[in-house]
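Open the model in your viewer and keep the selection panel at hand. The tour goes stop by stop.

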Amino acid sequence: SAVDIISAIEFDKTGDHLATGDRGGRVVLFERTDTKDDYPITRHPEFRYKTEFQSHEPEFDYLKSLEIEEKINKIRWCQTANGALFLLSTNDKTIKFWKVQEKKVKKISEMNVDPSKAVGNGSVASSSNSSAPKPYLANGGCTDRLHNSSGNDFSIPAGGFPSLRLPVVTSAETSLVARCRRVYAHAHDYHINSISNNSDGETFISADDLRINLWNLEISNQSFNIVDVKPGNMEDLTEVITSAEFHPNQCNMLAYSSSKGSIRLIDLRQSALCDSHAKLFEEQEAPGSRSFFTEIIASISDIKFAKDGRYLLSRDYMTLKLWDINMDSGPVSTFQVHEYLRPKLCDLYENDSIFDKFECCLSGDGSRVATGSYSNLFRVFGCSPGSTEATTLEASKNPMRRQVQTPSRPSRSLTTLTRVVRRGAESPGVDANGNSFDSATKLLHLAWHPTENSIACAAANSLYMYYA
């Protein structure tokens, strides 16, 4: 069903846990089961289901008369503490901070009480029901108990009650419990498209179409607006924010992309409101290449920093671009994702597929990049110096699917890939009118394992793991 379609996917920093979010507002966690102590290092990582919880519910904005769907837009892992997992999840308006921890379910063993001397709920039978008031001492003491007077309700024998034992607490099996620690709400007028954790472990950002807010993880009722591109007159609006991410190592640096195809690198040390950027990354148009679709396909849907923080990967509709943050004159590499669709841009515009937001990712060693396409296909490119790798792979439950025509451009496949069939880039799986781009064939979300050479990708409601 539509609520089961995966809308977000993210590995944690160690790569031992994988989280997915879907359109139904659920977050599902997977845990790595194999360890390097038990298996050879060359063995592929294996993941199994760990737990799931309902992160968001449908809401209604009464001020704007708008329904807020429960779909999870982004998931980001936070630093672990005391064996618990922490993560942020967001829908269009509300961000939540979750703690997932193992809890031991404790049970009390049966109390060994002599049934003949028990009345009701284990109470000892009394010989009298005198309602006369009894004198009491300070701190709750009772005089007639101390002197063992004849008006006592009961008397304790010298040896105590041999049939009465204190209840013993026994631990049963452990269960995972997800608890919402914080709710960060009412800070965005427009739909949230990005959240990103800071390397300081204390703050994170959330971005919508026109603003970026800075939050402290411990403070949910206050945020700081650090980027605001909203013009005084909305008719003067020319671009919107499409994605934002913190630098992986420098807590004062972050980057955000726009619908005009530009990326701005900002430094939080310059000013409280970062209207001015430290660096601007954009590619100049070739003379005579402008068309009606130029601005639409130039919009950047996702950006990702490399692990070392030097390179920045961006995805627009047609290409992947790799940028060196020390060189703002242009990208160091450009990868054509589905160039065969360029003659069909008019059809893609008619059915709104041209506005699809594809994600991108980099391998942990920075030697490869990947992004999704249509017909459950995704593309892997080598970005090392001199690499000509350009592979098209399919996320499918049927790995023996017949191969089709191979790409005309030279390509070098990944070394060994399991459950993968290489498909040609000349066969997009659409008809002549380009009208078969339904949601079940769009591979929008994928993530690269931070330490292993493997990719997790989501095709509709199915999750696939590919290993190299």
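Is His186 buried or exposed? Select His186: with a relative accessibility of 82%, this residue is exposed. The model is predicted. His186 sits in the loop between β12 (169-184) and β13 (194-197). Check its backbone too: phi is near 60°, a positive value in a residue other than glycine.

Next, select Asn82. The loop between β7 (74-77) and β8 (85-90) holds this residue. Asn82 is not a glycine, yet has a positive phi of about 55°. Asn82 is exposed, at 76% relative accessible area.

Now move to Thr90, in strand β8. Thr90 is buried, with a relative accessible area of 0%. Show what surrounds Thr90. Beyond its neighbours within four places in sequence, its contacts are His56, Lys71, Ile72, Asn73, Lys74, Ile95, Ile192 and Ile195. Pick out Ile192: it is 102 residues from Thr90 in sequence, but 7.6 Å away in space, C-alpha to C-alpha. Then turn to the side chain of Thr90. One of its polar atoms lies 3.3 Å from the backbone oxygen of Thr94.

Last stop: the largest nonpolar core, with 14 residues. Select Ala370, Phe378, Val380, Ala395, Leu446, Ile455 and Cys457, the members that touch the most other members. Colour the strands next. At least two residues of this core come from each of β27 (377-382), β29 (445-448), β30 (454-459) and β31 (462-467). Strand β30 gives the largest share, three residues. In soluble globular proteins, nonpolar side chains tend to be buried together.

Terms used:
Residues numbered from 1 in each chain as written. Predicted model: local features only at pLDDT ≥ 70, side-chain atom pairs only at ≥ 80, totals over all residues. Heavy atoms only, no water. Helix = DSSP H or I, 4+ residues; strand = E, 2+ residues; numbered from the N terminus. Buried < 20%, exposed > 50% of the residue type's maximum accessible area, 1.4 Å probe, protein only. Core = buried A, V, L, I, M, F, W, Y, C linked by side-chain atoms within 4.5 Å. Contact = heavy atoms within 4.5 Å. Polar contact = N/O pair within 3.5 Å; in protein donor to acceptor, adjacent residues only side chain to side chain.
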